[in-house]
Amino acid sequence: DNKQIRLMNCPFDRMTLSDTVSAIFNIVNSGGRGWFCTVNVAILMMMRSDARLQRFVDQSAVVVADGQPIICLARLLGCSLPERVAGVDLVDAICERAARDGKRIYLLGATDSVVAKVADRQRSRFPGLQVDYADGYFSADSAANRADRIRSSGAAILFVGMGVPRQEIFIEEQWDRLGVNIAIGVGGSFDVLSGLRARAPRWMQQIGMEWFFRLLQEPRRLFVRYLVTNSQFVWLAVWAVLTGKRSS
């Protein structure tokens with residue numbers, strides 16, 4: 001059952017990783033267009049104070065939960081989501097299918113050396129994969145030029161790893177120029193896929209502590225963000241469980 005549910009301030013599709021990949025390629029193969037969102041706790045809380053980000057997520061073709069705490073809360077509220085769909089896993093699964101189906105991928109984000117390494121790694125892991133890339137360090141004035149490069153590549157699927165909400169703003173503002181069927185914001189996934197940052201052990205992912213593993217790697221950048229967003233989420237989650245209200 002892929003019925004959408006609303007949890008706090010976000011619509012979530014009840015999809016597994018496999019379901020999500022199938023939905024993406026159904027759109028690509030039918031010639032449709034749309035953007036997909038993977039929403040974690042930090043993004044969910046950011047949406048509450050960023051109307052533009054909230055609107056972007058509300059207008060997505062598909063929204064999946066990229067956070068074990070969101071999966072746990074849904075279960076507590078009796079509206080379970082089948083599994084966490086992480087951005088890193090989604091990139092891998094889509095690249096695997098794209099290599100098989102002959103669909104071109106585009107990677108936009110990170111530094112040139114990092115994104116080049118991601119492209120090389122994905123090509124070696126998924127033989128036949130057609131992938132182009134560009135770094136994410138460009139001015140607002142150069143955004144249209146980046147979008148034109150993506151269109152001219154002939155890519156069907158675009159991954160944008162430039163951080164929230166910059167990646168969403170780029171997708172929204174350049175949507176008519178991009179030419180891709182699907183665009184997905186994947187945050188810091190390129191750092192992990194390139195080997196620059198380690199990913200949390202699976203047991204930490206399963207108990208919802210991947211954020212803590214990331215905090216240990218980047219304490220100065222992430223401490224305040226996680227302190228604020230995690231505290232806010234815990235408070236809202238407790239209130240939702242006590243009142244039985246899914247939306248807030």
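Helices (runs of H or I with at least four residues) and strands (runs of E with at least two) are taken from DSSP and numbered from the N terminus. The structure is a predicted model, in which local features need pLDDT of at least 70 and side-chain atom pairs count only at pLDDT 80 or more, while totals for chains, interfaces and linings use all residues. Residues are numbered from 1 along each chain as its sequence is written, and side-chain values use heavy atoms, with hydrogens and water left out.

Side chains of opposite charge can pair when their charged atoms come close. With a salt bridge defined as a side-chain nitrogen of Lys or Arg within 4 Å of a carboxyl oxygen of Asp or Glu, a search of the whole structure finds 16 salt bridges. One of them joins Asp 101 to Arg 97, with 2.8 Å between the closest N and O atoms. Both residues belong to helix H5 (residues 87-101), where they stand four residues apart, about one turn of the helix. Because its relative accessibility is 30%, Asp 101 counts as partly exposed, a class that lies between buried (under 20% relative accessible area) and exposed (over 50%), as judged with a 1.4 Å probe and protein chains only.

A salt bridge is also formed by Asp 132 and Arg 104, whose closest N and O atoms are 2.8 Å apart. This pair links distant parts of the chain, since Asp 132 lies in strand E6 (residues 130-134) and Arg 104 in strand E5, 28 residues apart. Asp 132 is partly exposed at 25% relative accessibility, and Arg 104 is partly exposed as well, with a relative accessible area of 24%. In a further salt bridge, the side chains of Arg 146 and Asp 135 meet at 3.3 Å, N to O. Arg 146 is part of helix H7 (residues 143-153) and Asp 135 of the loop between E6 and H7, so the pair ties together parts that are eleven residues apart in sequence. Both Arg 146 and Asp 135 are buried. Salt bridges also link Asp 66, Arg 84, Asp 89, Arg 199 and Glu 210 in a network.

Arg 84 and Asp 89 are also among the residues that line the second largest pocket, together with Leu 17, Gln 68, Glu 83, Val 85, Ala 86, Arg 202, Gln 205 and Gln 206. A pocket is here an open set of points on a 1 Å grid over the protein atoms alone, where a 1.4 Å probe fits and protein lies on both sides within 12 Å along at least five of seven lines, and lining residues have an atom within 4 Å of a point. Helix H10 (residues 202-206) gives the most to this lining, with three residues.

Turning to the backbone, the peptide bond from Val 164 to Pro 165 is cis, with omega near 5°, and Pro 165 is placed in the loop between strand E7 (157-161) and helix H8 (166-178). Met 8 is not a glycine, yet has a positive phi of about 55°; Met 8 is found in the loop between strand E1 (4-7) and strand E2 (10-13) and, at 1% relative accessibility, counts as buried. Ala 110, likewise not a glycine, has a positive phi of about 60° and lies in the loop between strand E5 (104-109) and helix H6 (112-125). At 13% relative accessibility, Ala 110 counts as buried.
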